[in-house]
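Open the model in your viewer and keep the selection tool at hand. This tour goes stop by stop.

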Amino acid sequence: MTDSTLSSITRDPAITRDAKAWSRVTGVKYTETLRLIEDPLHRGILGDRIVVRDLLRVLAEHPIIGSTHAKSPFGLNGLRTDVGMADELTGKLLRQVILTAEFLRLFDPVPAEMLSSEDSWAGSYQLKHTAEEYLGAVVHGYVHNGVLIWAAAVLDLPMRRSPNWNSPNVEIAVHPQQLEYTRQVLGLAEGTPDWHYYRPTSYDMLQNVLELAATGMPIDAALGTIPPRRNPLSPFHTWMSKQTHRRGLPGRVATDYLDGVDRSEHRAAVDPTDFRELIRGLTSSDHFYRGAVRLAAEWSKLNPSL
């Protein structure tokens, strides 16, 4: 039995179907397409393998970018382009969209109840630049805006059109604190994280895989079990996050505290005692500290058993 015969017997039929689909729409030889799809970086790093037929399907059926719904072509630059993405397909572009999808998998899903918050939505153009910086050499330092949108679509991330209807960009629901942390680490946002709760749990593993691939090294050693999602923050912190609407000093203290947590400037308080100690270390204002003491006392009165 020849190696090629054995390979055809042992190969996952889903990969065969993907290779035939990609070969059909691109005109690339089937054997060349197989090598492309079976590339170690394309087998699924932070989740299941991105199915090529799903990539092609969303280009036709997705409610925002799909050719059956869009009034103008969706292409490399995003919405409203002159040339549709289906006419731009190459092996380089397949790698780009697969690895961009892996980048987007870094971030925890945004809960449905948070989608009403504008903070939960990020522009595709901002995300494109973040993906470029994170993915680096494996995508030659460049990700098309349309590819970022395409990757989000195949992952079925919540997506909406830009308020500017002439814009090629869309808005995508991405965990805001994790995105802000990532942009800080990459030097794309102000500040340096002093607290690492919002560091995506798979950040280091994916980065190690990409660094090995960029140098031509095998990536298997860097692959591992995806870390579990972090434990939820304390009930006290959850309560504090709901006090930002209040007028006067309590609302100002709660807002400043929550902003610092969201930007990873300091830790989230575990309980009222920890909160008072945290604020005392962050401010020299006795007035501001008294506001923190007042909030801590209010929580303790409402929750005497905690």
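The stops below cover a helix, some salt bridges and a sheet.

**Before you start**

This is a predicted model: local features need pLDDT of at least 70, side-chain atom pairs count only at pLDDT 80 or more, and totals for chains, interfaces and linings use all residues. Residues are numbered from 1 along each chain as its sequence is written, and side-chain values use heavy atoms, with hydrogens and water left out.

**Stop 1: helix α3**

Select residues 30–37, which form helix α3. Helices here are DSSP runs of H or I with at least four residues, strands are runs of E with at least two, and both are numbered from the N terminus. Colour Thr33, Leu34, Leu36 and Ile37: these are buried. Buried means under 20% relative accessible area, exposed over 50%, and partly exposed in between, using a 1.4 Å probe and protein chains only. Why do they share a side of α3? They cover an arc of only 160° around the axis, which puts them on the same side. That arc is taken from the directions from the helix axis to the C-beta atoms.

Now show α2 (13–26), α4 (52–61) and α5 (91–104). They are among what covers the buried residues of α3. Contact here means heavy atoms within 4.5 Å.

**Stop 2: salt bridges**

The structure holds 16 salt bridges. Each is a side-chain nitrogen of Lys or Arg within 4 Å of a carboxyl oxygen of Asp or Glu.

Select Glu38 and Arg11. Their closest N and O atoms are 2.7 Å apart. Glu38 lies in the loop between α3 and α4 and Arg11 in the loop between α1 (3–10) and α2, so the pair ties together parts 27 residues apart in sequence. Glu38 is partly exposed at 25% relative accessible area. Arg11, at 17%, counts as buried.

Next, pick Asp108 and Arg230. This salt bridge has its closest N and O atoms 3.0 Å apart. Asp108 lies in the loop between α5 and β1 (121–123) and Arg230 in the loop between α9 (203–214) and α10 (235–241), so the pair ties together parts 122 residues apart in sequence. Both residues are buried.

Then show Asp18, Arg49 and Arg53, which are linked in a network of salt bridges.

**Stop 3: the sheet**

Select β1, β3 and β2. They form an open sheet in that order, with antiparallel pairing. Strands pair if DSSP finds at least two bridges between them. β1 and β2 (159–161) stand at the edges, each with a single partner strand, so one side of each is left without a neighbour in the sheet.

Zoom in on β1 and β3 (residues 170–173): three bridges join them. End at Gly123, whose bridge partner in β3 is Glu171.
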